[in-house]
2 protein chains.
Amino acid sequence: MTTELLINAFDMNCPVHLSPGLWTHPRDRSAHKDLTYWTDLAKILERGKIDALFIADVLGVYDVYAGNGDAAIRHATQVPLNDPALLVPVMASVTEHLGFAVTCTLSFEPPYPFARRVSSLDHFSNGRFGWNIVTGYLNSAAKGAGLAQLTGHDLRYEIAEDYMNVVYKLWEGSWEDDAVLRDRSSGVFADPRKVHRVTYEGAHYRVDAVHLSEPSPQRTPFLFQAGTSGKGRAFAAQHAEGVFLTGPSRQVIAPRVADIRARAAAFGRDPGDIKIFLGVCIIVDKTEAAARAKEAEYRGYVNIEGALALLSGWTGINFSEYDLDDPVRYVKNDAVQSLLEGLTTADPDKVWTVRELAQGSAIGGPSILIVGSAEQVADELQSLARDTGVDGFNVSYAVSHDSFVDLVDLVIPELQRRGAFKLEYRPGTLREKIYGAGRSRLPDSHPAAAHRWREPTRLAAE
Amino acid sequence: MTTELLINAFDMNCPVHLSPGLWTHPRDRSAHKDLTYWTDLAKILERGKIDALFIADVLGVYDVYAGNGDAAIRHATQVPLNDPALLVPVMASVTEHLGFAVTCTLSFEPPYPFARRVSSLDHFSNGRFGWNIVTGYLNSAAKGAGLAQLTGHDLRYEIAEDYMNVVYKLWEGSWEDDAVLRDRSSGVFADPRKVHRVTYEGAHYRVDAVHLSEPSPQRTPFLFQAGTSGKGRAFAAQHAEGVFLTGPSRQVIAPRVADIRARAAAFGRDPGDIKIFLGVCIIVDKTEAAARAKEAEYRGYVNIEGALALLSGWTGINFSEYDLDDPVRYVKNDAVQSLLEGLTTADPDKVWTVRELAQGSAIGGPSILIVGSAEQVADELQSLARDTGVDGFNVSYAVSHDSFVDLVDLVIPELQRRGAFKLEYRPGTLREKIYGAGRSRLPDSHPAAAHRWREPTRLAAE
């Protein structure tokens, strides 16, 4: 039986997401991401039955390269960067089914107002909101928030656990399902006996409050996570319903996927209750030759310094200290090796220079770049899913909106012909669209379920 | 010469704003404030050339009445309450001129992500965003945020000063006006020599970061403030460009207005650089008799317990401890006296009961209620402005959207006939619409101006 793939579009509220320099392409709209950019994109994606628009975010500037943000600023490498959550209601207002997965860092905002914002987003999108949980990874963001430096990685996950306990209680435990009556004749809007003050005392966060929003369609939003470290994968296995992964090759990706599913099972969850999305970037055209020509044309707009600013931020290596013609084999770093592995499959013996590494990763960043006809792209997506166990893909763009229009007009119909992509959206919330009817709320095996309100055991005397 | 009045609409992202019980009116749409509620409202207001939609907010539940939130929850008294800032882009997408003044509490969110959200809102609304600065006033909000109790009033204003210094630096001092080039041919998006890391070390907040957003049309958003306490008025006189006041009578309001303008002058500002808006609620119809009948019909939907929940929250008095027929003269409280003064002008010798106080303030809360024909309402607005020195009004609703439709269809045309309201919006940003051409940015006399980037004095050796 052919498996239906899940497909998200991947973007960021800044000129350059993962393809440095390509904002200068004459057809690219990234340099002006105004509201029309986003509403047009949402309509394109919904036309293609794309599952969700996944919006990345980071609260800081890439300043590892040369020890400052100059290269990032010069080439608009993920800066300037506007707030992504604000885009959801306006995109929801021009679509009916498209989901939204928005990255929000929990490190710098208390859970009480954040929980309300998320519930509001789920209300305003009729249950189509997803939260990509991030604990922050740029030192510059910590400095912006007034911290001396970024909180240690393990401690960040401890804090995140505490934070999740608070927001779960607010979303799941404060208002009972039938609390809101909206009864104009009796004048009762909600039954206060069914609205509970939730209390929590953690090492890092505490709360003693009624949640400000009534239950939204999904209560807890659809939860995404993008961590790839050990702690991050443990967190994802426990909390996430959707995981975003990048990896250079089937050999690297398959065990990561298996590891997440095994960890989920160890937490008592159904491994199938985590949908795993692999990062890809697609350049497609009517023929392979046309796609290759398109790739070559795009490569003329790549910016090396912008690519190195991104690479430096991701790897912690200040690439400005190397000559562009230095061979990369002397640069010891897992992230670099991983990128190299993705680039070197065609010619494993080739010695790559810093310049070639930058050029090689400059379209789609750490995503797997797939270039070809619709048939070839569909073959590769299906084979990647089969070989690695991922459920679908986060598709980043080279040129926006062209890359997404190509995806929707060429690749999606080919997948649909093969029975590998849905012909229509399922009804209901994002969670129901992904997991099926009756799955509007999280299953009981999810840790959020423990925070649901339960009738206290009554004493006999009462 | 007839003065043109400024007129804002006043609402809140919850079923009951200032007219408890009236969500049960068959024509009222407040019980379902979905996106359509807001986009319809924005279009109605823009049709009437209304200056801005002012959206109140409070991060907590009214729980002074009976020591819990039950009455507030039962009667939807400012709860459930969704995030207001998320509404701005979608309303901006269906309007061209209407301004948005959104209440955001600075107590519970660090300035760095908040400054980005505000810049994003100013970008997405093409410079039509206003921030109503609030430092928070409900203990329940503090508990939600994990604090033992609300920070003391004076200390809150100290913290607010610190906060403002950080956000001013980010908005005014980080990106120079000509930093962004967006030059596709050279591949330079922004000139890093013109993008500055701003640093600030305060007792409560510090920052060391590049602002994440490029300069928005207004940079610092149009600043509103609604404080009425002494410290609040000093803060408003220093920072606000628009002040929202309530007061029961000309005798109380006029000296408050004069005080704010005098304080502004003492801070070196032009007293005319603060536009003062008085809270009113208008019930208008073709004739006075029809308006009175409408008022009587509306009063049939007032909810006393909901009104007392609001009154208890505002005054700190637990009104559940009083009998509804108790005379209010025994209740000693400035806010109560102020409300009574507003209610008793017609009959100063009357002894009001708790029930009557609740009923009397249940349409429009502390706003001055104006009932009559369009001519009578216009007379009263013009006379209130003349006698108190306010520049305009924040108009709350009894029944939404009907109250706003009546405002736009009946009162505005009458004011326009008199030359007391603009016939067209001015072009440009909210600040230009209010203060005129060339005033897109704050004047040099405003404290934000001190945080603008200045070329450092070069040493001769350089």
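Predicted model: local features only at pLDDT ≥ 70, side-chain atom pairs only at ≥ 80, totals over all residues.
**View 1. The interface of chain A and chain B.** Let's start where the two chains meet: 69 residues of chain A are in contact with 69 residues of chain B. The size of an interface is often given as the accessible area lost when the parts come together. Here, chain A and chain B bury about 6,000 Å² between them, and carbon and sulfur atoms account for 63% of that area. Look for A:Leu86, A:Phe124 and A:Arg184, which supply 13% of the area that chain A buries against chain B, more than any other three residues.

**View 2. Polar contacts and the elements of chain A that touch chain B.** Between chain A and chain B, 30 residue pairs are in polar contact, with both residues at pLDDT 80 or more. Several elements of chain A each supply at least two residues of the side that touches chain B. The helices are H2 (70-74), H3 (87-92), H4 (111-124) and H5 (139-144), and they are joined in this list by strands S5 (180-183), S6 (188-190) and S8 (206-209). H4(A) gives the most to this side of chain A, with eight residues. Sorted by class, the residues of chain A on the side that touches chain B are 39 nonpolar, 14 polar and 16 charged.

**View 3. Salt bridges between the chains.** The count over all chains comes to 71 salt bridges, and six salt bridges are found across the interface of chain A and chain B. One pair to look for is B:Arg117 and A:Asp83, whose closest N and O atoms are 3.4 Å apart in a salt bridge. B:Arg117 lies in helix H4 (residues 111-124) of chain B and A:Asp83 in the loop between H2 and H3 of chain A, so this pair joins two chains. Another pair is B:Asp83 and A:Arg117, whose side chains meet in a salt bridge with an N to O distance of 3.4 Å.

**View 4. Helices H8 and H13 of chain B.** Now we turn to a helix pair within chain B. The axes of H8(B) (residues 250-266) and H13(B) (residues 374-388) come within 8 Å and cross at roughly 50°. The two helices are therefore oblique to each other.

Methods
Residues numbered from 1 in each chain as written. Chains lettered and ligands numbered in written order. Heavy atoms only, no water. Contact = heavy atoms within 4.5 Å. Buried area = accessible area lost by both parts, 1.4 Å probe. Salt bridge = Lys/Arg side-chain N within 4 Å of Asp/Glu carboxyl O. Polar contact = N/O pair within 3.5 Å; in protein donor to acceptor, adjacent residues only side chain to side chain. Helix = DSSP H or I, 4+ residues; strand = E, 2+ residues; numbered from the N terminus. Nonpolar A, V, L, I, M, F, W, Y, C, P; charged D, E, K, R; others polar. Axes fitted to C-alpha atoms, helices over the stretch in contact; angles between N-to-C directions. Parallel < 35°, antiparallel > 145°, perpendicular 65-115°, else oblique.
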